[in-house]
Amino acid sequence: QVQLVESGGGLVQAGGSLRLSCAASGRTFSNLGMAWFRQPPGEEREFVGGITRSGGTTNSADSVKGRFTISRDNAKNTVYLQMNSLKPEDTAVYYCAARPYDFIVTLPSGYNYWGQGTQVTVSS
């Protein structure tokens with residue numbers, strides 16, 4: 001079993017920045033591929049970015065590419081999402097996810113473990 005806890009969400013003005021954190025426990029963190037997803041109000045959950053145990057990253061093909069950066073610290077059992085130049089359309093619940101394979105996929109069904117989510121609201 002793996003437990004994931006997100007933190008760092010909040011309210012920010014357009015153009016601002018936030019850094020989300022996801023702390024993992026219950027299984028060796030270095031064995032997990034990790035990803036961030038987000039779910040805007042009334043919309044489907046979508047892939048934001050992923051990172052392998054060795055630090056290789058995969059970004060989504062949508063508007064977050066070039067603004068968001070995913071990273072991980074295996075010693076701290078934590079994955080991060082740095083979000084810059086935030087836009088109102090970035091408003092969503094952001095979720096941390098994990099899978100027991102060193103390979104990143106972009107569909108939610110590819111991940112076995114999920115955090116509770118953290119709200120990010122970007123005002124205009």
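Mentor: In this predicted model, the largest nonpolar core holds 27 residues, and those touching the most other members are Leu4, Met34, Trp36, Val79, Leu81, Met83 and Tyr94. Several strands give two or more residues to this core: S3, S4, S5, S7 (68–73), S8 (78–83), S9 and S11 (118–123). Another core lies apart from it, made of six residues, with Ala35, Phe47, Ala97 and Tyr111 among them. As general background, nonpolar side chains in soluble globular proteins tend to be buried together.

Next, the disulfide. The whole structure has one disulfide, and it joins Cys22 to Cys96 with a sulfur-to-sulfur distance of 2.1 Å. Cys22 belongs to strand S3 (residues 18–25) and Cys96 to strand S9 (residues 92–99), so the bond links distant parts of the chain, 74 residues apart. The torsion about the S-S bond is about -80°, and the disulfide is therefore left-handed. How accessible are its two ends, Cys22 and Cys96? Cys22 has a relative accessibility of 0% and counts as buried; Cys96, also at 0%, counts as buried too.

The surroundings of Cys22 bring in residues already named. Setting aside neighbours within four places in sequence, Cys22 is in contact with Leu4, Val5, Glu6, Met34, Trp36, Asn77, Thr78, Val79 and Cys96. Of these contacts, Leu4, Met34, Trp36 and Val79 are also listed among the core residues that touch the most other members. Tyr80 is 58 residues from Cys22 in sequence, yet their C-alpha atoms are 6.3 Å apart in space. The ring of Tyr80 has a charge over it: the charged end of Arg19 sits 4.0 Å from the ring centre.

Now the aromatic rings. A pair of aromatic rings is described by the distance of the centres and the angle of the planes. The count for this model comes to five aromatic pairs. In one of them, Phe37 and Phe47, the ring centres are 5.5 Å apart and the planes stand at 75°, so the pair is edge-to-face. Phe37 lies in strand S4 (residues 33–39) and Phe47 in strand S5 (residues 46–51), so this pair ties together parts that are ten residues apart in sequence. Phe37 is buried, at a relative accessible area of 0%, and Phe47 counts as buried at 8%.

Tyr111 and Trp114 form another pair, with centres 6.4 Å apart and planes at 70°, so this pair is edge-to-face. Tyr111 is buried, with a relative accessible area of 6%, whereas Trp114 counts as partly exposed at 27%. The charged end of Arg45 sits over the ring of Trp114, 4.9 Å from its centre.

These pairs do not stand alone. Ring pairs link Phe37, Phe47, Tyr95, Tyr111 and Trp114 into a cluster.

Key:
Residues numbered from 1 in each chain as written. Predicted model: local features only at pLDDT ≥ 70, side-chain atom pairs only at ≥ 80, totals over all residues. Heavy atoms only, no water. Phe/Tyr/Trp six-rings, centres within 6.5 Å; stacked < 30°, edge-to-face > 60°. Helix = DSSP H or I, 4+ residues; strand = E, 2+ residues; numbered from the N terminus. Buried < 20%, exposed > 50% of the residue type's maximum accessible area, 1.4 Å probe, protein only. Lys NZ or Arg CZ within 6 Å of the ring centre and 35° of its normal. Disulfide = S-S within 2.5 Å. Contact = heavy atoms within 4.5 Å. Core = buried A, V, L, I, M, F, W, Y, C linked by side-chain atoms within 4.5 Å.
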